[in-house]
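Open the model in your viewer and keep the sequence panel beside it. This tour says what to select at each stop and what is there.

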Amino acid sequence: MATRCNAPAHCPTNPYAQGESRIAATFNDTQLSSNGLACASCHSGDQRYQTTLEQTYPHQVAMGMNLYGMNEVHADEMVQICMVNPMAGDTLDWASMDLAALAAYVVDVQQDYGGPQQK
Ligand code: HEC
């Protein structure tokens with residue numbers, strides 16, 4: 001299996017190469033969804049996450065288990081699960097800057113949320 005994008009250092013593209021503002025912009029981008037939502041529509045202020053976010057990736061997430069029977073998800077897979085379901089969009093290219101940026105954002109949020117250091 002390809003190396004998963006659980007920490008920015010492991011992503012196929014380095015999201016920080018384009019700066020933190022690019023990462024935040026991706027999280028706020030309504031163009032990624034088909035329903036006018038951005039990731040931030042649900043998750044600004046760290047809303048809607050469950051306590052599983054405190055665990056190192058990969059870990060089990062209820063949405064991944066309930067919809068896909070996945071015992072555990074990696075950070076980039078969690079982005080894809082929210083892309084396809086709440087965002088009603090398409091999966092992002094696994095090697096894309098958008099996916100790397102969102103995975104990086106998620107890992108940053110996780111650290112604020114009381115999760116482990118994974119950078
Ligand atoms: C319509 C609301 C909605 C939108 C939009 C949305 N999500 Fe989520 N997201 C959720 C809900 C609900 C959960 C809780 C799922 C669970 O814990 O089973 C969640 C959980 C998560 C988690 C935490 C999983 C864990 O490890 O516990 C991450 C990370 C995440 N979303 C990232 C994103 C990203 C990135 C986007 C944009 C591509 C996005 N979400 C868009 C509703 C949304």
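A residue is called buried if 20 or more other C-beta atoms lie within 10 Å of its own, exposed if 12 or fewer do, and partly exposed in between, with the C-beta atoms placed from the backbone. This is a predicted model, in which local features need pLDDT of at least 70 and side-chain atom pairs count only at pLDDT 80 or more, while totals for chains, interfaces and linings use all residues. Residues are numbered from 1 along each chain as its sequence is written.

**Stop 1: the whole chain**

Colour the chain by secondary structure. Helices (H or I, at least four residues) and strands (E, at least two) are DSSP runs, numbered from the N terminus. The chain has five helices and zero strands, and the pattern along the sequence is α-α-α-α-α. Of the 119 residues in the chain, 30% are buried.

Two residues are in contact, or touch, if their C-beta atoms, placed from the backbone, lie within 7 Å. Among the contacts in the chain with a separation of 6 or more, 59% are between residues 24 or more positions apart.

**Stop 2: two loop residues**

Select Ala88, in the loop between α4 and α5. Ala88 is exposed, because 12 other C-beta atoms lie within 10 Å. Its phi is near 50 degrees, a positive value in a residue other than glycine.

Now select Arg48, in the loop between α2 and α3. Arg48 also has a positive phi, about 70 degrees, although it is not a glycine. With 12 C-beta neighbours inside 10 Å, Arg48 counts as exposed.

The loop between α2 and α3 also holds Pro58. Show the backbone here: a cis peptide bond joins Tyr57 and Pro58, with omega about -5 degrees.

**Stop 3: helix α4**

Select residues 75-84, which form helix α4. Eight of the ten residues of α4 are buried: Ala75, Asp76, Glu77, Met78, Val79, Gln80, Cys82 and Met83. These buried residues pack against α2 (39-43) and α5.

Leaving out residues up to four places away in sequence, Ile81 touches Met63, Gly64 and Val73.

Then select Val79, which is in helix α4. Val79 is buried, with 28 other C-beta atoms within 10 Å. Not counting residues up to four places away in sequence, Val79 touches Leu99, Leu102, Ala103 and Val106. Draw a distance from Val79 to Leu99: their C-alpha atoms are 7.3 Å apart, although 20 residues separate them along the chain.

**Stop 4: α4 against α5**

Show α4 and α5 together. Axes are lines fitted to C-alpha atoms, for helices over the stretch in contact, and angles run from 0 to 180 degrees between N-to-C directions. The axes of α4 and α5 come within 9 Å and cross at roughly 110 degrees. That makes α4 roughly perpendicular to α5; angles under 35 degrees count as roughly parallel, over 145 as roughly antiparallel, 65 to 115 as roughly perpendicular and the rest as oblique.

From α4, the contact uses Ala75, Asp76, Met78 and Val79; from α5, it uses Leu99, Leu102, Ala103, Val106 and Val107. By class, this contact of α4 with α5 has eight nonpolar, no polar and one charged residues. Here Ala, Val, Leu, Ile, Met, Phe, Trp, Tyr, Cys and Pro count as nonpolar, Asp, Glu, Lys and Arg as charged, and the others, Gly among them, as polar.

**Stop 5: α1 against α5**

Arg22, Ile23, Thr26 and Phe27 of α1 meet Asp98, Ala101, Leu102, Ala104 and Tyr105 of α5.

Not counting residues up to four places away in sequence, Leu102 touches Thr26, Phe27, Cys39 and Val79.

**Stop 6**

A residue is near a molecule if its C-beta atom, placed from the backbone, lies within 6 Å of it. Of the 22 residues around the ligand, Cys39, Cys42, Ala62, Cys82 and Pro86 come nearest. The elements giving two or more residues to this shell are α2, α3 (62-68), α4 and α5. By class, the shell has 17 nonpolar, four polar and one charged residues.
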